[in-house]
Amino acid sequence: MPSFQYGKTVIDYTLEYQENKKDITISVEWMEGVTVIAPPDISDEELEGVLYKKAPWILEKWYSFEEIAQIPSPKEFVSGEKFPYLGRHYRLKVNKSTDIQTPSLSFQHGRFIADIPSGFTDLERREHLFQLFKHWYMRNGQFRIKERLKIYSPRLGVAPTKFELKEQKMRWGSCTKEGAIYMNWRIVMAPMSVIDYVVVHELAHLIHPNHSADYWQVVRSIMPDYEQRKEWLRINGPTLQL
C-alpha cells in the first residue's frame, strides 16, 4: 500500500487510476481509509505534491471519525467485563490458580472463561488476555466469515483466491490485485449484518477494483440496504476494539 509522510505522520492510501480523469480526487472514509483516484498519466512528483497539500484536510477528516462514537476505555480483562462477538456482548470470568502455568481462554455456556496464574500482575493479565482474545476472535472469525463467503460468492459469481483476518489499522477490509481478501479481525465484534456488508463490499471489488457507480450498483444488487449497514459501521466502528 502506498504512503506519504506529513510531518511525523505516515498516511497510507489506496491509489486508483481512472481513464479520462483530469484531476485528482481524494476521499477519506472510516472503512475504506484514504482513497486517491488519479489520471493514469500523472507523475509521482505531481501526485505527492497534491497529497502533501491536502494532508491537513486528510488528517482533519480522519480525526473527525473519533467524534462519531465514544471510543471505550481499554479493557481491564477482569471478571464481569463484557466483550462483543457477532453483535452481542458476553461476560468474562477470570479464574486464578497456583496450579496454572499457562493462561488460556475459552467460551463456555455463553461467557468467556480465562484461566491465569495467580501470580500474574495486572499488567501481565491485561497483556496475556489481550493476545488470547485477539487470537480467539481471529480463529473463530476466520471460520464464521468463510461461511459467509460461501453464501455471497456464488451470488456475485466470484471467489477470492485467499481469505485472511489480520491486523488493519485504517481499514475493515481490502482486496488485492491477485484476488485475495483481507479483513480486520475486529469486524468479528460487529453484528452479522455488518460483517455481511464488508464481505459483499470486498467481493464486489473482484468485479470492479474501484468505487465507481458501477461498483456500488453491484453491491446494491446483492444488498439493497447496504447504506444502512455502512452507516452503522461508520458510527460504531470506533467502538469495536479491546
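These exercises walk through a predicted model of one protein chain.

**Exercise 1. Describe the chain as a whole: what does it contain, and what box do its C-alpha atoms fill?**

Step 1. Count the elements. The chain has five helices and 12 strands.

Step 2. Take the box along the principal axes. The C-alpha atoms fill roughly 70 × 45 × 30 Å.

Step 3. Look at burial. Of the 242 residues, 43% count as buried.

Step 4. Look at contacts with a separation of 6 or more. Residues 24 or more positions apart account for 48% of them.

**Exercise 2. Find where confidence is lowest and where it is highest in the chain.**

Step 1. Start with the average. The mean pLDDT of the chain is 91. A value of 70 or more is reached by 95% of the residues.

Step 2. Strand β2, residues 9–12, has the lowest confidence, at a mean of 86.

Step 3. Helix α3, residues 192–204, has the highest, at 97.

Step 4. Keep the reading rule in mind. Where pLDDT is low, predicted coordinates should not be read in detail.

**Exercise 3. Work out how α4 packs against α5.**

Step 1. Locate the helices. Helix α4 spans residues 213–222, and helix α5 spans residues 226–236.

Step 2. Two packed helices are described by the angle between their axes and the distance between the axes.

Step 3. Read both values. The angle is about 100°, and the axes lie 9 Å apart.

Step 4. Classify the angle. Values of 65 to 115 degrees count as roughly perpendicular. Therefore α4 is roughly perpendicular to α5.

Step 5. Name the residues. W216, V219 and R220 in α4 meet Y226, E227 and K230 in α5.

Step 6. Sort them. The contact has three nonpolar, no polar and three charged residues.

**Exercise 4. Which residues of α5 are buried, and why do they line one face?**

Step 1. List the buried residues. In α5 these are Y226, R229 and L233.

Step 2. View the helix down its axis. The buried residues of α5 fall within an arc of 70°, so they line one face.

Step 3. Recall the helix repeat. An α-helix has 3.6 residues a turn, so residues three or four places apart point the same way.

Step 4. Find the cover. What covers the buried residues of α5 includes α3 and α4.

Step 5. Turn to the other side. There, E227 and Q228 of α5 are exposed.

**Exercise 5. Classify E231 and R125: buried, partly exposed or exposed?**

Step 1. Set the cut-offs. Buried means under 20% relative accessible area, and exposed means over 50%.

Step 2. Take E231, in helix α5. Its relative accessible area is 33%, so E231 is partly exposed.

Step 3. Take R125, in helix α2, residues 122–156. Its relative accessibility is 7%, so R125 is buried.

Step 4. Find the neighbours of R125. Leaving out residues up to four places away in sequence, R125 touches E76, F77, V78, I116 and F120.

Methods. Residues are numbered from 1 along each chain as its sequence is written. This is a predicted model: local features need pLDDT of at least 70, side-chain atom pairs count only at pLDDT 80 or more; totals for chains, interfaces and linings use all residues. Side-chain values use heavy atoms; hydrogens and water are left out. Axes are lines fitted to C-alpha atoms, for helices over the stretch in contact, and angles run from 0 to 180 degrees between N-to-C directions. Helices (H or I, at least four residues) and strands (E, at least two) are DSSP runs, numbered from the N terminus. Angles under 35 degrees count as roughly parallel, over 145 as roughly antiparallel, 65 to 115 as roughly perpendicular and the rest as oblique. Contact means heavy atoms within 4.5 Å. Ala, Val, Leu, Ile, Met, Phe, Trp, Tyr, Cys and Pro count as nonpolar, Asp, Glu, Lys and Arg as charged, and the others, Gly among them, as polar. Buried means under 20% relative accessible area, exposed over 50%, partly exposed in between (1.4 Å probe, protein chains only). pLDDT is the predictor's confidence in each residue, from 0 to 100. The arc is that of the directions from the helix axis to the C-beta atoms.
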